[in-house]
Amino acid sequence: MSHNLEDLPGSRRHRLRPSARALTLSAVSVIVVLILSAILWVIFAGSADHLQTTFNPKSDNAIKIHDVYTLVWILAGIVMAAVLALTLAFSLVFRERPGGKAASHIHGNPKLEVIWTLIPVIIGILIAIPSFQVILDTTGDAPDGAIEIVATGHQWWFEFEYPDEGLVTANELHIPVGRPVNIELRSVDVIHSFWVPQLSGKVDMVPGHNNRLWFTPNTPGEYYGQCAEFCGTSHANMRFRVVVDSEADYAAWVAAQTSDAQVAEGELAQAGEGIATTICAACHTIRGTGAAGVIGPDLTHVGSRGLIASGIVDNDAEGLAEWLTNPPEVKPGSKMPNLNLSGDQIEQLVAYLQGLQ
Ligand SMILES: [Cu+2]
């Protein structure tokens, strides 16, 4: 089988052909990159309400990380635009013309080689200095007066303990605005990762090796977190939320959470307590009732949380009933099995759990 000389890659004729293909490729590249950038910008940055965005930082450390990210974005943009523009310009200026002179080869140009070595080195230094500075700032000791919290990863939910306040909760972390929080990160089973994009960088939760992170939230609001290290079947369903309260709201929340469980009035809730303290008690703690299980989340004030099932189900009557009917169907792999509860039992448990404010 014979080839035309012009079609053979590496042949002199092939390399010297008019750069029509390079020209087309450059134009297409510019268009594709611009379209993709626009789409990404609309998706991630265009919506400040996006639940898990790094583009809208709300803590001191998240702002520092965002600033480095912005610097890298701008430098990368300049490099991308320069490379594409030069490719385009060279393709036009040095293209072979009919009857024109063939392009000549050159080999070695110390001045050019120094320039294109120095430019990346300078860019690397411009990125490295602020990056190392932010790493040192954010991984150093938390400022004095930080609230101590222990976050523990479980398959597939987050437990939050406030040792100084003597309270334990799950999947919903409350912290006061303007005060640093120092979070110790643990795991009881596999490697998880704690990540609240608007508040901090992600840090792994490693069994037998406690990590930590700290940040100071600057704006009250709700921020969505996510396990960021694949940890099994329901990794994607392992979410949590951080509620940044005013000082007064935080104090009220702590006071409410440290009290024992209060049973709501009414027959349904009373009957629900009977089920909770027998069936649920095997795995859950409900302070003040004798239920002291440690496998699942502490339910003492579960009614006060916005979401259940590790942040994937709304904490309302419908959501609770759906969860209690068949947990593994809602959260595949859930350690909580289908308890085959009757419709009446579910109704009673829903009334009881909703009353645990
Ligand atoms: Cu995970």
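Ile-39 sits in helix 2 (residues 20-45), where helices are DSSP runs of H or I with at least four residues, strands are E runs of at least two, and both are numbered from the N terminus. Ile-39 is partly exposed at 42% relative accessible area, a label for values between buried (under 20%) and exposed (over 50%), using a 1.4 Å probe and protein chains only. Along with Val-28, Ile-31, Val-32, Ile-35, Leu-36 and Ile-43, Ile-39 makes a nonpolar surface patch of about 600 Å². Patch members have over 30% relative accessible area and no salt bridge, with nonpolar side chains (Val, Leu, Ile, Met, Phe, Trp, Tyr) joined within 5 Å and like charges within 9 Å.

## About the model

This is a predicted model: local features need pLDDT of at least 70 and side-chain atom pairs 80 or more, while totals for chains, interfaces and linings use all residues. Residues are numbered from 1 along each chain, and side-chain values use heavy atoms, leaving out hydrogens and water.

## Salt bridges

There are six salt bridges here, each one a side-chain nitrogen of Lys or Arg within 4 Å of a carboxyl oxygen of Asp or Glu. One of them joins Arg-241 to Glu-222, with the closest N and O atoms 2.6 Å apart. Arg-241 belongs to strand 10 (residues 239-245) and Glu-222 to strand 9 (residues 221-227), so this pair ties together parts 19 residues apart in sequence. Arg-241 is buried at 9%, whereas Glu-222 is partly exposed at 43%.

Another pairs Asp-298 with Arg-287 (3.4 Å, N to O); both of these residues are buried.

Methods. Areas by Shrake-Rupley, 256 points an atom, 1.4 Å probe, with all protein chains shown as cover.
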